[in-house]
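Trainee: Could we go through this model together, one question at a time?

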Amino acid sequence: MTVTQTQTQPPQPQRPDGTVAGIPSDPRSAQCASAEVRHPRPDGQDRYLISEVAAFTGLSAHTLRWYERIGLLPDVDRSHTGQRRFTNQDLDWLSFVGKLRLTGMPVADMVRYAELVREGDHTFAERQELLRAAREDVRRRIAELQGALAVLDFKIDFYADARRASERA
């Protein structure tokens with residue numbers, strides 16, 4: 001996710017109980033915590049329209065609505081007129097979902113993961129297993145790509161050597 005930064009908030013240490021400075025964290029943001037969080041607006045002023053979220057994330061409004069409909073993007077707040085109002089936590093969650101998409105995780109598994117997050121802490125083991133399986137798939141694909149890269153490097157070197165030899169002749 002590419003987000004234009006207007007204000008950087010320093011990362012805060014997370015306690016073992018899942019709180020930051022004693023404030024309970026939203027389970028969605030706990031799933032995608034990173035060393036540096038960049039949001040377009042500070043917490044408390046983070047009410048984004050779907051068009052803004054689409055621009056920040058590169059996802060279409062249609063995709064965002066679909067994510068919500070299938071349960072991949074839970075609990076999007078609504079204004080009194082029914083307009084979706086996304087938060088920084090929603091942006092964090094969408095960033096994490098984007099990472100899961102990059103792993104090649106099937107949508108059904110991503111939805112299952114989101115369901116497990118909503119169910120609470122007693123699902124840690126099952127969430128961990130879903131992520132371990134995704135990690136193994138990624139590692140397997142990385143190994144395949146490294147093999148393909150080695151072949152490309154060999155062929156590039158072969159042709160470079162062949163060109164030098166033909167230029168000397």
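This is a predicted model: local features need pLDDT of at least 70, side-chain atom pairs count only at pLDDT 80 or more; totals for chains, interfaces and linings use all residues.

Mentor: Residues are numbered from 1 along each chain as its sequence is written, and side-chain values use heavy atoms, with hydrogens and water left out.

Trainee: Are helix H4 and helix H6 parallel or oblique to each other?

Mentor: Helices here are DSSP runs (H or I, at least four residues), numbered from the N terminus. Axes are lines fitted to C-alpha atoms over the stretch in contact, with angles from 0 to 180 degrees between N-to-C directions, and H4 (residues 88-103) and H6 (residues 124-168) pack at about 50°, their axes 9 Å apart. Angles under 35 degrees count as roughly parallel, over 145 as roughly antiparallel, 65 to 115 as roughly perpendicular and the rest as oblique. Therefore H4 is, relative to H6, oblique.

Trainee: Which residue meets Glu-52 in a salt bridge?

Mentor: A salt bridge is a side-chain nitrogen of Lys or Arg within 4 Å of a carboxyl oxygen of Asp or Glu. Glu-52 lies in helix H2 (residues 50-57), and its partner sits 11 residues away in the loop between strand S4 (37-39; strands are E runs of at least two residues) and H2. With an N to O distance of 2.4 Å, that partner is Arg-41.

Trainee: Is Arg-41 buried or partly exposed?

Mentor: Buried means under 20% relative accessible area, exposed over 50%, and partly exposed in between (1.4 Å probe, protein chains only). Because the relative accessible area of Arg-41 is 24%, Arg-41 is partly exposed.
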